[in-house]
Structure formats: structure tokens, C-alpha cells
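I opened this model to look up its charged pairs, its nonpolar cores and its confidence values. My notes follow in the order in which I made them.

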Amino acid sequence: MPALPGALVISLDFEINWGVRDQQTLAQYGANLLGVRQAIPAMLALFAEFGLHATWATVGLLFFETKAEMLAHLPAVRPHYADPNLSPYLVLDQVGEDEAHDPYHFGRSLINQIRATPGQEMASHTFCHYYCLERGQTVETFRHDIETAVRVGAGQGMTLRSLVFPRNQYNAEYLETCRAAGITSYRGNEQSWIYKERSEEQQALYKRGARLLDAYVNLSGQHTARWAAMARSFPYNVPASRFLRPWSGRLKALEGLRLRRILAGMEHAARHGEVFHLWWHPHNFGVNLAENMAVLRAIAEHFRRLQARYGFESLSMGEVADRLQSYSNPSAA
């Protein structure tokens, strides 16, 4: 494979309440979820200003305009987790009639804004925020989920080719099913014991603490990806490099460290012709929007400097896959 310039990949896990409903109540986290409706337009404006491409991995249940439309498109086969609280299908009676009445469970207007912004890729975060490592999940129920997500997207004119596993529960057994559904890339986890994929039951407090510390101090490396390594398997693994943690007033004395950790990873990727993959959730910006946007602007400005100096690029996950495919199969370019 010829030498390629480094690239910044941004992916966002767009889920609103479907991604947090089993962990936090609306009373606890509702402000963050409602804040998504200011955060997404602000992020899109900044992406357009700096020419930043991004992948929006979206829960399929957000695609609908009404509850009736949602109910008409549910998969026939659904997951039966050992912990029933993990399944959103058991609480659909709590969903309102449409986006105007229930901004926590519908996202069509936001999806339309994303699609109208240049360089933005619509992708899948599975149909129901499917957990690929929890007890009770099977390849068969996952197949029905991902096929439903792709089919619903196609019905709205979207070709969903990239996938982000909810809660980063990467499961190698599902990759063939992904390929068959038309998925060409997925976001894998960082290569470190503190980021290894695990179920919620397997989460350990000391590992959470290590991940928090790693956001401020380099414990585990930069986690940039080499093009040749990504090209070795298909669908392509475009692995995560860094989670953009939300601004914290409690930890604001450490904000400079957190930002420098990200900028150093970007610089490493630009200098060495590698890929730096930054990700977060829109609801992470749902509160403290001004502070979070200031951090994102600093990242965008650093990207612009690296672009000028090293030819650093901004690519979506789908664009990374296209590039890998064109070099793996030149006749397809």
C-alpha cells in the first residue's frame, strides 16, 4: 500500500435516550438529552466552518417521525437479554407520539440537519442500541437488528455502511453478519487492557478509573492506526483513539491536560501518516455547551494547522473504507 497522509476521523454515537435509558432516568439526565437539540446544530456549524467530516452512528429507533411509524418497522425477532431492563422493546409504552411530544426518543429533524451538512456520514449504532456482549444476545437476533437498521435507513435514502457497536461491545462473531448487511467499516476499541470490550457485568471500577486517568495522562499510548493494519481485514476496523470526555467543572483544573492529550495524538497521526479517531456522544455536549464547544474549536484549529503543515485530512469512517478498498483493489478505484 502506498504512503497515505494522516487523517482525523470523528464519529458520534447519536442515541438520545435509547443509549442511556437502562442506566439513568430522565430526571437524572434529561437536561443533557434535551441539550442535544442545541449541541448538534452547534457542532454541525463548526464542522462546516473547518471542513470537518464526521460519522453519525445513529440508533435506528430515532429515524421515525411518529410512534405508529416506529411500531410498524420493528424487527420480527428481538433480543431476549438475561437482564430485561436492557431491552427497549419492553418499555415502548413510555414513548410519546412524535418528536414534538417526545424529544427524547425521536430525532428525524436532527437527522435532516446532519444530512444537509457537507461531509457528514449517516451510519448505524444498531437499530435498538443492541448490546453485543450481554447475556442472552445471539447472532440471529443481531442479524435481524442490523438488517432492520439498514432497511429503515435505505427507506429514507440513506446507505448505512459504517457501524459503531453500542457501549463499544465489539463482538468478532458478528462481523460476517455486518459484511452481509453491507457494513464496510466499524469502530473497534483501543488496543489496551483498560479499553478491552466487556459486558456491563464485567465492568470494573479500577478500569473505569484507569480510563479516566488516561484521558489526562498518557497511560496507554496515542492509539493511532496504520493504514496497512486497517486494510488487513474486512469490514475494516477503524479503531478508536480517544473519547472526547465532556467538560467538567469539577475537573476544570485538568482541562489543559485533557486537551493536550488529544492534540498530541492528532500531531502524532499527522507526522506519521496515521489515523486518529476521536469520538463522543452529542449528549456529552448537552450541558456546558459553550465550554465543550470551546474545546472542540481548539481541536478544529489544531486540525487546520496540521492540515497546512502535513496535509492532514478529515475523513468519515465510510471515506476511510473507500480509500482502503481503492488501494486493496485498484481496479475498483
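**Entry 1: salt bridges.** I began with E274, which forms a salt bridge with R226, their closest N and O atoms being 3.6 Å apart; a salt bridge here is a side-chain nitrogen of Lys or Arg within 4 Å of a carboxyl oxygen of Asp or Glu. E274 lies in the loop between α8 (255-272) and β8 (275-280) and R226 in the loop between α6 and α7 (227-230), so the pair ties together parts that are 48 residues apart in sequence. Helices (H or I, at least four residues) and strands (E, at least two) are DSSP runs, numbered from the N terminus. I noted that E274 is buried at 7% relative accessibility, whereas R226 is exposed at 58%; buried means under 20% relative accessible area, exposed over 50%, and partly exposed in between (1.4 Å probe, protein chains only).

**Entry 2: source notes.** I wrote down that this is a predicted model, in which local features need pLDDT of at least 70 and side-chain atom pairs count only at pLDDT 80 or more, while totals for chains, interfaces and linings use all residues. Residues are numbered from 1 along each chain as its sequence is written, and side-chain values use heavy atoms, with hydrogens and water left out.

**Entry 3: further pairs.** I next looked up E49, which forms a salt bridge with R297, the closest N and O atoms being 2.8 Å apart. This pair links distant parts of the chain, with E49 in helix α1 and R297 in helix α9 (residues 289-310), 248 residues apart. Both count as partly exposed, E49 at 42% and R297 at 32%. I also found that E65, E69 and R108 are linked in a network of salt bridges, and the count of salt bridges comes to 14.

**Entry 4: cores.** Which residues touch the most other members of the largest nonpolar core? Of its 80 residues, they are M43, F47, W56, M266 and W280. Helix α1 (residues 26-50) gives the most to this core, with ten residues. A nonpolar core is a set of buried Ala, Val, Leu, Ile, Met, Phe, Trp, Tyr and Cys residues joined through side-chain atoms within 4.5 Å.

**Entry 5: confidence.** The chain has a mean of 91, and 88% of its residues reach 70 or more. Confidence is lowest in helix α6 (residues 205-214), at a mean of 60, and highest in strand β2 (residues 54-58), at 99.

Methods
pLDDT = per-residue confidence, 0-100.
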